[in-house]
Amino acid sequence: MVTPRRGMSGGAPPQLPARHSHRPATSAPQKHGGPVARRDWALVPPLDRWRPLLAEAGVTSGDGRGAVPEGSMPSFRLLRAGLWLSRAMSRCVLEPRPPGKRWLVAGLGNPGLPGTRHSVGMAVLGHLARRLGVAESWARDRRCAADLALASLGDAQLVLLRPRRLMNANGRSVARAAELFGLTAEEVYLVHDELDKPLGKLTLKLGGSARGHNGVRSCITCLNSNAMPRLRVGIGRPTHPDAVNAHVLGCFSSAEQELLPPLLERASDLLLEHIRERSQGPLLGT
């Protein structure tokens with residue numbers, strides 16, 4: 001007689017206890033991302049509606065439809081696209097509109113050259129920010145490549161802007177900010193230098209041509225309008241034509257710098273008074 005081994009009987013073989021694993025089911029490893037839990041991937045919503053955006057981010061499926069098919073596992077490129085998509089969605093959200101009117105005031109100039117005559121518009125914006133109590137609130141906004149500061153003027157909101165692009169491309173920053181804040185060209189003020197007026201002379205012009213100013217020309221082109229009100233700050237024209245470039249890109253002389261504080265104060269007064277009047281009445285080009 002054969003003696004049964006320990007743990008054996010004459011019936012069915014013993015049933016081993018089921019082994020429970022806390023590891024989620026995985027698919028085959030991907031080239032970049034490795035195995036990914038299916039239960040986590042199932043939480044991802046359908047991507048059909050994001051196919052155009054994913055295609056712009058460079059993520060395409062094998063069928064060329066511009067998104068990863070539902071059966072495939074995420075990879076490094078998809079994760080990168082997800083990050084890009086979240087940023088794109090945040091950029092699509094416009095800034096909330098306050099109850100009162102909103103105005104954009106842009107000081108034209110060259111970043112990094114605040115003391116030059118050509119950047120006197122930026123100097124006016126700096127003084128205006130101090131007047132409104134937001135001199136410490138400047139923040140870089142990468143969406144429009146500019147420094148922004150928000151200020152209140154009664155029931156109105158002012159968006160102060162100093163472009164981080166060169167003068168010839170200032171319009172790209174101004175137009176992008178106008179788009180983000182939902183503003184028309186009539187609600188955008190430009191502050192810039194004026195060669196044909198002596199230092200200390202201020203004029204507020206409602207629309208018109210660029211009159212040879214490259215920064216204003218850039219704004220007209222990018223906004224597709226010439227309706228922007230402009231505060232022109234006189235810097236004087238040198239007697240010799242060949243000295244114009246050096247004069248514009250040069251710094252104010254010691255004697256001229258003594259005239260700047262009252263000039264910046266009057267420029268701020270003129271801007272604020274005009275904006276107050278327009279904020280109280282209908283939005284007209286007057």
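1. Ala, Val, Leu, Ile, Met, Phe, Trp, Tyr, Cys and Pro count here as nonpolar, Asp, Glu, Lys and Arg as charged, and the others, Gly among them, as polar. The model is predicted: local features need pLDDT of at least 70, side-chain atom pairs count only at pLDDT 80 or more, and totals for chains, interfaces and linings use all residues. Residues are numbered from 1 along each chain as its sequence is written, and side-chain values use heavy atoms, with hydrogens and water left out.

2. The second largest pocket has a volume of about 170 Å³. A pocket is an open set of points on a 1 Å grid over the protein atoms alone, with protein on both sides within 12 Å along at least five of seven lines, and lining residues have an atom within 4 Å of a point. Grid points are joined across faces, edges and corners, and a volume is the space filled by probe spheres set on the points. The lining of this second largest pocket divides into six nonpolar, three polar and three charged residues; among them are Asn110, Asp147, Arg162 and Arg164. Helix H4 (120–131) and strand S4 (156–163) each give at least two lining residues, and H4 has the largest share, with three. Helices (H or I, at least four residues) and strands (E, at least two) are DSSP runs, numbered from the N terminus.

3. The largest pocket holds about 360 Å³ of space. It is lined by 18 residues, and the closest to its centre are His118, Gly212, His213, Asn214 and Val248. Strand S5 (188–194) and helix H7 (244–249) each supply at least two residues of this lining, with the largest share, four residues, coming from H7. By class, six lining residues are nonpolar, seven polar and five charged.

4. There is one cavity of 30 Å³ or more in the structure. A cavity is a set of grid points where a 1.4 Å probe fits but cannot get out. The largest cavity has about 40 Å³ of space, and its lining includes His192, Glu194, Lys205, Arg211, Arg230 and Arg232. S5 and strand S7 (229–234) are the elements that give two or more residues to this lining. Five of the lining residues are charged, two polar and two nonpolar.

5. How do H4 and helix H8 (residues 254–280) pack? Their axes are 9 Å apart, at an angle of about 70°; axes are lines fitted to C-alpha atoms, for helices over the stretch in contact, and angles run from 0 to 180 degrees between N-to-C directions. H4 and H8 are therefore roughly perpendicular to each other, a term for angles of 65 to 115 degrees. Contact means heavy atoms within 4.5 Å. On the H4 side the contact includes Val124 and Leu128, and on the H8 side Leu264 and Leu271.

6. Most residues other than glycine have a negative phi. Ala145 has a positive value, near 50°, and Asn224 has one near 55°. Is each of the two buried or exposed? Ala145, in the loop between strand S2 (139–141) and strand S3 (146–153), is buried, with a relative accessible area of 17%. Asn224, in the loop between helix H6 (214–223) and S7, is exposed, with a value of 70%. Buried means under 20% relative accessible area and exposed over 50% (1.4 Å probe, protein chains only).

7. Ala175 is in helix H5 (residues 170–180) and is buried, with a relative accessible area of 15%. Ala175 touches Cys222 and Leu223, not counting residues up to four places away in sequence.

Technical notes:
Parallel < 35°, antiparallel > 145°, perpendicular 65-115°, else oblique.
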